Amino acid sequence: MERSGRRILRGVFNQLDLPLLILYLVLVFLGWMNIYAAVYDPETKRSIFDLTINSGKQFVWICCALIIGLFILILDVKLYVKFAYVWYAVVMLTLVGVLLFGREIAGSKSWFDLGFMRFQPSELAKMATVLALAKFLGDNNTKLMHPGNLITVLVLVAIPTGLTLMQGDTGSALVFASLSIMLYREGLPGQILALGLLAGALLVLTLFFKAYILELMLGIAGCGLIYILLFNRRKWKDVIITVLFTGLAIGIVFSVDFFVYKVLKPHQQKRIEVLINPDIDAKGIGWQVNQSKIAIGSGGLLGKGFLEGTQTKFNFVPDQSTDFIFCTIGEERGWLGSLLLISLFVVLLNRLLLVAERQKSRFSRVYAYGAASILFFHFAVNIGMTIGLFPVIGIPLPFFSYGGSSLWSFTLLLFVLLKLDMHRKMQITGSFF
């Protein structure tokens, strides 16, 4: 029995993608050390393992995450393929459950309070949605741009997005938009992505100008272009496309204005206003970002040294061990330390793409790209919001931010991919078995 167990473990580790596993372990370890730096008190000098502070609790979550990861690697790979829709359905039910029985924290009703810990189902929804999409698109005969298939994909993404928005967790809801990267790899036309970028540009412009001014400008520009097309006797097809495009642009401006000022809560609106004008509420809603930028800037080239961050020690930056963990790195490790961290994430993302492209089944490739898309969004937006490039939307830095829900979610996301990759030689083109 003992020899059989050793043989199973040896077989598991012989087939593992070691670079990806090592990157995961390095990032988790560095994250744990920086959580300790963020909560360290020079007066009490508590141990990193002290369970009364976040670093000690994070150590417990890390140990549990490693057990979860090992469990995933030992389980039969067919479970993730055959029961993908079951995983999805169960997690969607938990998202409904948290709306009914969850605890509201910082304006978001997205947590189950279990007494000894708080659990956020929306973190698991990311992996479950990627699994469901991989299952649906896993057959090579499934054409993404077939109307019925495209509607199914949009519904699979819209359900967790809508339920997460209903919880008041806009940040987690926006993460699902990153799956467009994966869909682009699977056949989504570049024009649709370009339309998304246009919507993003109009979103930014809507924040700087009144909606009716933008709509008027778009209307005038559209009419001018139509006149030019008619004057040059262009085909009516070009005129119709211009009319539709102008109408769509005006509709985007209207919907963005409605979403920002009618759907978002007042404190979320304030965060967007602070992004445009950091001095508008420097001692209120803008305090967090301003202090984060001060902390990062004060680190200079080499940083102040481990456990020597003054912004950290005097608690100038709220949530410094969670969403704003990057400013601890910037202050104590400086520009070089920040560059090293960013480089590690770039290497991780590059490795994920390499693993994705070597898969023989579409299921595994879709899943790999989905995992990479989610990790990229978290990495880019989290760092962006700590330096004032994005509004504060409350999403963690993968493997670094304190919290069991996020760590376990990213561990599941990554280790399921490791398991799928281990069996790529058994995959048949178009399906898994």
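Figure 1. Trp87 is partly exposed, with a relative accessible area of 39%; buried means under 20%, exposed over 50%, and partly exposed in between (1.4 Å probe, protein chains only). Trp87 lies in helix α5. Together with Leu79, Phe83, Val86 and Val90, Trp87 makes a nonpolar surface patch of about 430 Å². Patch residues have over 30% relative accessible area and no salt bridge, with nonpolar side chains joined within 5 Å; a salt bridge is a side-chain nitrogen of Lys or Arg within 4 Å of a carboxyl oxygen of Asp or Glu. Areas come from the Shrake-Rupley method with a 1.4 Å probe. Helix α5 gives the largest share of the patch, 3 residues.

This is a predicted model, in which local features need pLDDT of at least 70, side-chain atom pairs count only at pLDDT 80 or more, and totals for chains, interfaces and linings use all residues. Residues are numbered from 1 along each chain as its sequence is written, and side-chain values use heavy atoms, without hydrogens and water.

**Figure 2. The open sheet.** In the order β1-β2-β3, 3 strands form an open sheet with antiparallel pairing. Helices (H or I, at least four residues) and strands (E, at least two) are DSSP runs; pairing requires at least two bridges. β1 (103–105) and β3 (118–119) are the edge strands, each pairing on one side only. β1 is joined to β2 (residues 108–113) by 3 bridges. Glu104 has Lys109 in β2 as its bridge partner.

**Figure 3. Helix α5 on the sheet.** Helix α5 (residues 84–101) packs on the sheet and touches β1 and β2; contact means heavy atoms within 4.5 Å. The direction of α5 makes about 95° with that of β2, on a scale from 0 to 180 degrees between N-to-C directions of lines fitted to C-alpha atoms, for helices over the stretch in contact.

Terms used. Patches are made of residues with over 30% relative accessible area and no salt bridge: like charges are joined within 9 Å, nonpolar side chains (Val, Leu, Ile, Met, Phe, Trp, Tyr) within 5 Å.
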